[in-house]
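Hi everyone, thanks for coming.

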Amino acid sequence: MLIILLLLRMNFSDELVQWYIQNKRDLPWRNTNNAYIIWLSEIILQQTRVEQGMPYFNRFVEKYPDVGSFAAAHEDDILKLWQGLGYYSRGRNMLKTARLVNELYHGKFPEQYNQLIKLKGIGEYTAAAISSFSANEAKAVVDGNVYRVIARYFGIDEPINSTKGKKIFQQMADELLNHDQPGLHNQAMMEFGAMLCKPKNPACGICPVRTGCFAFINNAITTLPVKLNKLKVRDRYLNYFLIVDGDKLLMNKRDEKDVWANMYDLPLIETSFLMSETDLLNLPQLSDHFGQHIKILEISPIYKHILTHQRLHVRFINIQVKNVNLEQNWFYTDVESLQKLAMPKIIFIFIKNFFNL
DNA sequence: AAGTCGGGGGC
DNA sequence: GCCCCAGACTT
């Protein structure tokens, strides 16, 4: 019985690897075993589609061809290059890791799972990916694709985002791993999930392993994998003030907490509910910052900006003021330097249009 | 164990 | 709208 199970599993891996070799996409990070380059690609691709991450990967490789050059960068430069990709802590953690690697390993990016897992921004998935792709270490990756492929093929209905579920899927992935070619096996599992065993409308018609697939046989494609979802979305109302003084604009550097940590936006008054323009302009905070003589030049419509846990209602209010009480993180910048600051997408778009950049 | 962190694409 | 994307970190 055990032997039959073993054979079945070996066949599964072999089938996927064969399918992979014939159908894989030609992606730039697949043509190297340079752990640094693979690290770059893996961090960029966390929770990010390949098409979205690709241009960022190319720009990062170009600008920072090795760990040393990355380690020497300023956080502002990393965040600027990361602008628009989201989950900015990835960029900030990369800088910490690059600097540590540069010191600890003298610029040679580690390839062993046990070394990688200790680094900031590298979890189980990424450590397994880097070690198996760069050095063929026998560690099985479990990403969103792998969860889906295993859940469907073996009919596992344990939620993939429960603690118990994660353990089960990791264990199954470990057992499935082809120890002769871990890197190839891992790539195959993920590519198969991404290209064929897709979340919606998987291509079961051309699937090489459908005859052994639980979900295909039992018509459970749409119900597997199972995921617990209790996503709470919060509404936030962001009122940004555009204050132009000659050729300079008043900017704010955000703090370490909250979204968009360490990035740049504008002076902000946040409310937890939709406030009318007149009520907003009567807020004491406004006169505290800008005095009594405030002239409204222009008010933008309210833009809805969707984040994972937040619905942002954003508007921009262009005002003319006599004097400004500078907050801790406020500063003036000219339009030239403006382009070097890493800004959240919605801020960047607005400013870009406003100044015709 | 639950909450937080972006932005975009497919349906 | 809702779900998902080569997840990790903090509380």
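Let's begin with one contact: a polar side-chain atom of T126 sits 2.7 Å from a phosphate oxygen of DNA strand C. I call that a polar contact, meaning a pair of N or O atoms within 3.5 Å; within protein, one must be able to donate a hydrogen and the other to accept it, and residues adjacent in sequence count only if both atoms are side-chain atoms. The helices giving two or more residues to the surface near DNA strand C are helix 2 (35-45), helix 8 (124-135), helix 9 (144-154) and helix 11 (182-195). Helices here are DSSP runs (H or I, at least four residues), as strands are (E, at least two), numbered from the N terminus.

Before going on, some ground rules. This is a predicted model, where local features need pLDDT of at least 70 and side-chain atom pairs count only at pLDDT 80 or more, while totals for chains, interfaces and linings use all residues. Residues are numbered from 1 along each chain as its sequence is written, chains are lettered from A and ligands numbered from 1 in the order in which they are written, and side-chain values use heavy atoms, with hydrogens and water left out.

Now, what about DNA strand B? Of the 25 residues around it, T163, K232, W260, H305 and T308 come nearest. Sugar and phosphate make up 61% of the atoms of DNA strand B within 4 Å of the protein. The side chain of Q310 has an N or O atom 2.8 Å from a phosphate oxygen of DNA strand B. Q52 meets a base instead: an N or O atom of its side chain is 3.3 Å from a base nitrogen of DNA strand B.

Finally, the annotation. UniProt, in an unreviewed entry, lists residues 44-195 as "domain: HhH-GPD"; its positions are in the numbering used here, feature names are shortened, and annotations may be inferred rather than shown by experiment. Over residues 44-195 the chain is 66% helix and 0% strand. Thanks, everyone!

Key:
Near = heavy atom within 4 Å.
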